[in-house]
Amino acid sequence: MDAGAPATADEFADWVRPHLAAMSRLAARFAPDADRDDVVQEAMARAWTKRRQYDPARGQPSAWLLAITADQAAKARRRSRRAPAGVPDRPAADEDARMDIERALARLTTRQRQAVDCVYFVGLTVAETAAVMGCADGTVKSTLADARNRLRTLLEVPR
Amino acid sequence: MTDLDERLADAGRTWRAQQPPPPEPDLARLARRRWRPIVPVAASVLAVAVVVATVLLVRSGSDRHSTATATKSPSATSSGPSVTGMPGGQSPLVLRDGDTAEASGQVYAARGKPVQFCPQNPAPTFSSSVTACRGGVTAVGVDPSRLTDRQDSDGTITGRATLRGVYRAGTLRVTTQGPASQTVGFPGPDLPAILRTTPCAPPSGRWTGQPYNNTAIGDYLRRHPDRFNGMGTTYPYGQGSAVTVIVVGVVRADPAQLSQALTELRTRFGDNICTVRVDQSLPEQQATEHAALQLMHDPANGIFAVGGPIGFRPIDVSIDLLTPQRYAKLSQIGLPHLLIEPWLKPVR
């Protein structure tokens with residue numbers, strides 16, 4: 001376990017704690033209809049049982065924990081209510097701008113929306129986003145570029 | 001940073017500021033978990049192979065109507081909208097009085113009111129507690145005790161179910177009730193089928209890893225909106241590979257025009273470009289989308305989502321049920337340019 005995930009539960013909790021905010025945000029974006037905290041706790045429990053598989057040579061703890069969180073969010077999403085791509089009901093006035101973006105995001109492809117969610121909303125780096133999406137850094141960048149192109153059209157943003 | 005980047009960054013900051021603090025690690029939950037043995041390598045490889053196969057199956061089945069496959073000059077938007085070319089209300093998706101129909105969705109049973117059955121929450125990017133159905137039908141004969149995820153709040157019972165019954169004038173008389181289906185996959189429009197493979201042959205036998213200027217290509221296409229519509233990325237050697245190909249839609253191009261556009265774009269931007277035929281220009285497709293959105297603004301039309309990837313697929317129209325009257329309205333927009341997906345479908 002040298003340099004890997006800690007062996008005791010207390011140490012493990014301390015090790016995970018700096019990454020909890022990002023894990024929570026990822027759970028909220030990827031499984032909006034599920035219980036966010038339950039998804040995070042389940043991700044932590046999964047990480048705990050798999051902690052011997054964490055290899056610091058292969059990536060930062062944040063990327064490993066976020067990938068597990070994304071997996072748990074996917075499972076939670078399948079258990080919770082789902083729907084086809086939709087447009088939220090009319091928002092309150094002070095949320096109009098953000099809602100416009102959310103409505104536009106709902107029209108992106110799955111991968112494009114995941115990339116935008118990770119980078120802009122969850123606040124992840126490209127490398128962390130690549131870990132979450134299970135792809136290369138360059139793939140994240142090109143997916144983001146495609147998403148921005150589509151969003152410029154949807155949001156009528158001039159270049 | 002561009003204006004779009006700033007808007008996205010602002011939206012992200014605002015959203016993050018509104019999030020509650022993260023939970024504290026639940027040590028008791030950790031203590032209940034036992035060590036999981038590391039899976040032997042051979043078994044892991046097998047498991048990965050099975051997962052990949054499953055994902056491919058799910059994905060190939062999730063693009064509801066597109067059937068495009070890799071060819072040298074495919075048509076991206078003429079390959080199979082759900083109700084294309086079926087004039088006069090002959091589409092198998094049109095629901096008429098007396099038809100047997102089935103759907104999986106949300107059930108609302110408020111005390112003293114008819115039971116409502118409707119599509120599940122149509123706002124996947126928001127957590128929301130829905131307190132009433134939007135669209136859908138009145139359901140007669142539902143057994144509230146058998147609902148999936150049943151909840152009882154102040155006498156209002158909610159839950160989910162798969163219901164089959166006879167439809168007539170906005171009411172479904174239930175003949176069969178089952179558990180709600182579990183939809184697999186992240187909600188939202190999936191990748192157009194045309195972009196799941198690279199639908200062109202590589203220029204010299206093999207795609208190279210050369211970099212390309214995505215922004216410059218996008219700028220060029222936007223300057224020619226009547227010629228080009230749609231730009232996407234494909235990964236001819238898998239998403240883990242650094243090799244990507246830009247696929248560009250060429251409006252109503254015949255094979256010669258498609259080849260000419262390919263030469264033009266490769267000369268300007270490099271070899272990793274592929275062209276496919278699309279049936280509408282961006283202004284035409286935006287007009288189609290706008291017309292569908294206008295219909296969506298009237299709740300009587302039952303449309304709860306319009307959108308989807310521009311360029312490589314018709315405009316998605318999600319509708320609670322497709323009556324002959326609604327079919328006639330959508331026909332006026334242009335059925336070949338729409339991908340209509342009713343929630344409550346007739347069972348033929």
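Me: Which residues of H6(A) and H1(B) meet?
Reply: From H6(A), they are Val116(A), Tyr120(A) and Phe121(A). On the H1(B) side they meet Leu8(B), Ala9(B), Ala11(B), Gly12(B) and Trp15(B). Keep in mind that this is a predicted model.

Me: How do the residues of that contact divide into nonpolar, polar and charged?
Reply: Seven are nonpolar and one is polar. No charged residue takes part in the contact of H6(A) with H1(B).

Me: At what angle do H6(A) and H1(B) pack?
Reply: At about 70 degrees. Their axes are 8 Å apart. An angle from 65 to 115 degrees counts as roughly perpendicular, so H6(A) and H1(B) are roughly perpendicular to each other.

Me: Why give both an angle and a distance?
Reply: Because two packed helices are described by the angle between their axes and by the distance between those axes.

Me: OK, stay with H6(A). At what angle does it cross H7(A)?
Reply: Roughly 140 degrees. H6 covers residues 110–122 of chain A, and H7 covers residues 126–133 of chain A. Their axes come within 10 Å. With that angle, H6(A) and H7(A) are therefore oblique to each other.

Me: Is that crossing left-handed or right-handed?
Reply: The crossing of H6(A) and H7(A) is right-handed.

Me: Which residues make the contact?
Reply: H6(A) brings Arg111(A), Gln114(A), Ala115(A), Cys118(A) and Val119(A). H7(A) brings Thr129(A), Val132(A) and Met133(A). By type, the contact of H6(A) with H7(A) has five nonpolar residues, two polar and one charged.

Me: New topic. Which residues touch the most other members of the largest nonpolar core?
Reply: Met23(A), Leu26(A), Ala27(A), Leu66(A) and Val116(A). This core holds 51 residues. Val116(A) is also one of the H6(A) residues that meet H1(B).

Me: Which helices each supply at least two residues of this core?
Reply: In chain A, H2 (20–30), H3 (36–49), H4 (61–79), H5 (96–105), H6, H7 and H8 (137–155). From chain B, helix H1 (3–17) does too. The largest share, eight residues, comes from H4(A).

Me: Zoom out. How many helices and strands are in chain A?
Reply: Eight helices and zero strands. Read along the sequence, the pattern is α-α-α-α-α-α-α-α.

Me: And chain B? How many helices and strands there?
Reply: Chain B has seven helices and 13 strands.

Notes. Residues numbered from 1 in each chain as written. Chains lettered and ligands numbered in written order. Predicted model: local features only at pLDDT ≥ 70, side-chain atom pairs only at ≥ 80, totals over all residues. Axes fitted to C-alpha atoms, helices over the stretch in contact; angles between N-to-C directions. Helix = DSSP H or I, 4+ residues; strand = E, 2+ residues; numbered from the N terminus. Parallel < 35°, antiparallel > 145°, perpendicular 65-115°, else oblique. Left-handed = near helix turned anticlockwise from the far one by under 90°. Contact = placed C-beta atoms within 7 Å. Nonpolar A, V, L, I, M, F, W, Y, C, P; charged D, E, K, R; others polar. Core = buried A, V, L, I, M, F, W, Y, C linked by C-beta atoms within 7 Å. Buried ≥ 20, exposed ≤ 12 C-beta atoms within 10 Å, placed from the backbone.
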